[in-house]
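User: I have a structure open and would like to go through it with you. Could we begin with how the terms are set, then look at a few places?

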Amino acid sequence: MDYMLGVDIGTTSTKSVLYDMKGQVIAYANAGYQLYQDVPDMAEEDPDDILDAVVEVMGQVIRKAKAQPDEIKGVSFSSAMHSLILMNQNDQPLTRAITWADNRAVKYSDELKANGVGAEIYAKTGTPIHPMAPLSKILWLRHERPDLFKQTKKFIDLKTYVFFKLFGVYKMEYSIASATGMFNIFQLDWEPQALELLQITKKQLPDLVEPTDSITGINQRYGDLLGISEATPFVFGASDGVLSNLGVNAIDPGVVAVTIGTSGAVRVVVDKPVVDPDGKLFCYALTKDKWVVGGPVNNGGIVFRWVKDQLFAPERITAEQMQISTYDILTQIAEKIPAGSDGLLFHPYLGGERAPIWDAYARGSYFGLTRKHTRAHMVRAALEGIVYNLYVVMLTIEKITGKPKQIQATGGFARSSLWRQMLADIFEQPVTIPESFESSCLGAAVLGMYALGYVDDLSAVKNMIGVTHVHQPNEKNFEVYRELLPIWIRLSEILEPEYKEIAEFQKKHSN
């Protein structure tokens with residue numbers, strides 16, 4: 001047997017899937033790690049915990065399949081974006097990995113937006129100005145932690161750290177680089193204006209490589225531990241978002257990928273880099289010839305979890321007794337409420353928001369509550385609010401790429417028929433749910449197969465995914481949503497000036 005190993009270094013866990021060359025899943029493993037939130041707005045992870053997880057899951061799938069070293073034809077990587085690790089002169093971490101969810105650089109993001117420099121840099125990099133981006137994080141560290149900043153030999157991300165440990169080189173591929181806010185997507189090089197702003201040099205950043213580039217010669221200790229030959233090529237791969245598009249076969253023009261997991265995103269592939277005049281969309285590399293335009297949202301399934309935990313404690317107990325999912329009970333409750341939740345609207349900004357408003361201070365709200373409304377209305381309105389928010393992201397994308405022709409949807413939400421139908425109704429588009437398992441891992445594996453010459457084109461992925469569900473929009477429902485969406489959008493605009501005030505009050509009075 002010939003195998004390709006796809007590895008996805010995620011925010012909460014690392015996943016590894018061993019595929020045969022037809023994309024069939026042979027073995028799967030998953031290992032989680034701790035998120036550190038010691039102070040407000042912090043979101044960090046231990047890079048060595050993540051390295052251990054990567055090695056653990058790779059070893060697990062190889063052992064499960066009883067694969068021999070010469071049968072592993074390649075390993076290819078997906079990774080979460082926007083992470084930052086500072087390395088010292090001895091190549092040791094000065095910091096933990098600061099993740100995309102870390103919000104401590106918000107002051108410096110605000111300054112970049114206010115002084116116009118942010119807009120200039122965005123126009124070259126395609127990364128929206130936001131505390132998620134390493135651009136803002138490094139600016140914050142330069143001002144707030146000059147001791148660490150001055151000791152830094154290299155500013156890297158999680159995937160670069162893993163490759164450094166496995167191969168002893170500092171290399172970053174275009175896809176992760178294009179999400180840093182420091183990479184010129186038109187020149188395919190580090191952006192001088194960003195580096196000048198941060199007062200760092202190219203030498204302090206990894207060497208740039210293409211996502212399809214590969215490296216051999218894994219550190220023998222890790223090779224022996226994993227059962228992988230030193231001759232096995234490791235493909236640098238790309239970021240999790242763009243590889244999810246590939247993994248659900250959303251790589252043709254007009255085919256949109258909508259993902260709702262803990263967070264969410266709407267993404268479409270274009271053939272050359274493009275930026276949004278309003279600075280609201282990202283543009284990240286899949287390869288140097290395929291670029292993904294889209295918007296990420298902070299608030300996906302995490303909002304559903306909040307509804308479950310805070311509003312439905314009795315149902316949680318019932319679910320435990322019946323040994324079923326609390327989410328299934330909540331979905332059944334929400335299904336009894338008509339589309340539009342009898343005029344109850346929910347803005348799902350429980351953790352600030354990236355697209356479409358790019359406001360780290362944003363806060364959630366219910367609007368339109370009456371005595372008629374019940375907890376069932378509140379859960380349905382919350383699910384609708386998540387999809388409304390994604391729809392507004394899609395409206396922004398349409399200005400650049402045109403109307404979508406097809407929607408491929410993926411993520412944990414796909415387990416809910418109600419949520420899938422809601423997506424079709426609000427977007428007024430048929431929604432297809434591919435059965436591809438761990439889409440970012442599959443995307444990484446297919447990119448690896450392409451890079452190493454096992455497939456001729458990335459479109460080979462279409463033969464590796466099936467279809468589990470297709471939902472057609474319900475005309476009665478989308479007419480209701482057409483009435484409510486303009487109100488929802490206007491409310492978001494009206495509330496926006498107040499978000500910072502309430503966020504600062506909450507911070508001031510938090511225990």
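Analyst: Helices (H or I, at least four residues) and strands (E, at least two) are DSSP runs, numbered from the N terminus. This is a predicted model, in which local features need pLDDT of at least 70, side-chain atom pairs count only at pLDDT 80 or more, and totals for chains, interfaces and linings use all residues. Residues are numbered from 1 along each chain as its sequence is written, and side-chain values use heavy atoms, with hydrogens and water left out.

User: Where does I26 lie, then?

Analyst: I26 is part of strand β3, residues 25-32. I26 is partly exposed, with a relative accessible area of 34%; buried means under 20%, exposed over 50%, and partly exposed in between (1.4 Å probe, protein chains only).

User: What is I26 in contact with, leaving aside its neighbours within four places in sequence?

Analyst: With those neighbours set aside, I26 is in contact with Y3, L18, Y19, D20 and A65, where contact means heavy atoms within 4.5 Å. The C-alpha atoms of I26 and I62 are separated by 9.4 Å, and these residues are 36 apart along the chain.

User: Let us turn to the whole protein. How many helices and strands are there?

Analyst: The protein has 17 helices and 23 strands. Its radius of gyration is 22 Å, close to the 24 Å that the globule rule gives for 511 residues, so the protein is as compact as a globular protein of that length. That radius is taken over C-alpha atoms, and the rule is 2.2 Å times the number of residues to the power 0.38. Of the 511 residues, 59% count as buried. Among contacts between residues at least 6 apart in sequence, 72% join residues at least 24 apart.

User: At what angle do α2 and α4 pack?

Analyst: Helix α2 (residues 106-115) and helix α4 (residues 134-144) pack at about 110°, with their axes 8 Å apart. Axes are lines fitted to C-alpha atoms, for helices over the stretch in contact, and angles run from 0 to 180 degrees between N-to-C directions. The two helices, α2 and α4, are therefore roughly perpendicular to each other. Angles under 35 degrees count as roughly parallel, over 145 as roughly antiparallel, 65 to 115 as roughly perpendicular and the rest as oblique.

User: Which residues meet there, α2 against α4?

Analyst: From α2 come K107, Y108, S109 and L112, which meet L135, S136, L139, W140, H143 and E144 in α4. By class, the residues of this contact of α2 with α4 are five nonpolar, three polar and two charged. Ala, Val, Leu, Ile, Met, Phe, Trp, Tyr, Cys and Pro count as nonpolar, Asp, Glu, Lys and Arg as charged, and the others, Gly among them, as polar.

User: And L484, buried or exposed?

Analyst: L484 is buried, with a relative accessible area of 12%, and its place is in helix α17, residues 475-508. Beyond its neighbours within four places in sequence, L484 is in contact with G340, G343, L345 and Y388.

User: How do α14 and α17 cross?

Analyst: The axes of α14 (residues 375-401) and α17 come within 11 Å and cross at roughly 75°. That makes α14 roughly perpendicular to α17. Among the residues making the contact are Y388 of α14 and L484 of α17.

User: One last topic, the backbone. Which residues does a cis peptide bond join?

Analyst: The bond joins A355 and P356, with omega about 0°. P356 is in the loop between β19 (345-347) and β20 (365-367).
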